[in-house]
There are 2 protein chains.
Amino acid sequence: MKNFPGTPGTWTGLILRMAQCLFAAGSIASMATTTSFFNYTAFCYLIASMGLQVIWSCGLALMDAYSLLRKKVLHSPALVSLFLVGDWVTATLSLAASSSSAGITVLYFGDLGVCGLGEECTRYQMAVALAFLGWISIAISSLIMFWLLAAG
Amino acid sequence: MKNFPGTPGTWTGLILRMAQCLFAAGSIASMATTTSFFNYTAFCYLIASMGLQVIWSCGLALMDAYSLLRKKVLHSPALVSLFLVGDWVTATLSLAASSSSAGITVLYFGDLGVCGLGEECTRYQMAVALAFLGWISIAISSLIMFWLLAAG
């Protein structure tokens, strides 16, 4: 039960970590290239939270790559517990950040209707969408870690 | 390891469920008594999500009370798995709802400064604060269920 796809030190695990990293980096890039994100607390929080996700996921992607190259298995309970706690904390922060940014984006697009389909607004939407994709991929990782710890 | 505080069918578990129920009901009451919440998608979503939490937590509180009265133990793996999935889904929805509402509240209070300390605005803040307290209490329940399932 310990070698299913997505566990640390497998190709699927590496791809999942790289996807998290890319979605978070894309979200930061999309948000940081707008001219007025710093006026909104939620958007600044989104950048901070996605920054944390980039650091965490890239670090684990490097560890996965190292373990694939050296053919080491990273399934010790202490390591998996560390991954689990880190994944859950990052996933919770990502969900909170993307929800609060989504709240503001929906307010401007749908409720108030003051934001058209201009370049700025599309970038906000893109950043929120990428943040949600990043959250989904890190939530999958968290569930895999939870399963791995429970099965161990 | 199976009779620690907060598990289903204990007094602390019952108190935790009642706290979840009360926080969520308080959040709904505080939000629904404002005159303009229906103009904001995030606030409507907060009410829907807190409504789900009221139904779920009150149902489990009744089950806890029944199990305390009849001295039955509710620790079968199937039941605990059901509680775990329900708790995680409710906690995720609550976190998303309270974050998106908090994003809008912070936008109006802090970033734009258009919302003073009037009655309406205080109610929005109160609803968001109660929703976060509700999320914290249901997150504690989820962790207890996870621990119970892992220890079983």
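**The contact between the chains**

A: The contact draws 19 residues from chain B and 19 residues from chain A. In this predicted model, the area buried between chain B and chain A comes to about 1,500 Å², and carbon and sulfur atoms give 76% of that area. On the side of chain B, the residues that lose the most area to chain A are Leu107(B), Asp111(B) and Phe146(B), which together make up 27% of what that side buries.

Leaving aside residues up to four places away in sequence, Ser142(B) touches Leu84(B), Asp87(B), Trp88(B) and Ala91(B).

Within chain A, helix H2 (residues 41-70) packs with helix H3 (residues 77-111) at an angle of about 150°, and the axes of the two helices lie 9 Å apart. Since angles over 145 degrees count as roughly antiparallel, H2(A) and H3(A) are therefore described as roughly antiparallel to each other. The crossing that H2(A) and H3(A) make is left-handed, and the contact of H2(A) with H3(A), sorted by class, holds 15 nonpolar, nine polar and one charged residues.

Technical notes
Residues are numbered from 1 along each chain as its sequence is written. Chains are lettered from A and ligands numbered from 1 in the order in which they are written. This is a predicted model: local features need pLDDT of at least 70, side-chain atom pairs count only at pLDDT 80 or more; totals for chains, interfaces and linings use all residues. Side-chain values use heavy atoms; hydrogens and water are left out. Contact means heavy atoms within 4.5 Å. Axes are lines fitted to C-alpha atoms, for helices over the stretch in contact, and angles run from 0 to 180 degrees between N-to-C directions. Helices (H or I, at least four residues) and strands (E, at least two) are DSSP runs, numbered from the N terminus. Angles under 35 degrees count as roughly parallel, over 145 as roughly antiparallel, 65 to 115 as roughly perpendicular and the rest as oblique. A crossing is left-handed if the near helix is turned anticlockwise from the far one by less than a right angle, and right-handed if clockwise. Ala, Val, Leu, Ile, Met, Phe, Trp, Tyr, Cys and Pro count as nonpolar, Asp, Glu, Lys and Arg as charged, and the others, Gly among them, as polar. Buried area is the accessible area (1.4 Å probe) that two parts lose on being put together, summed over both.
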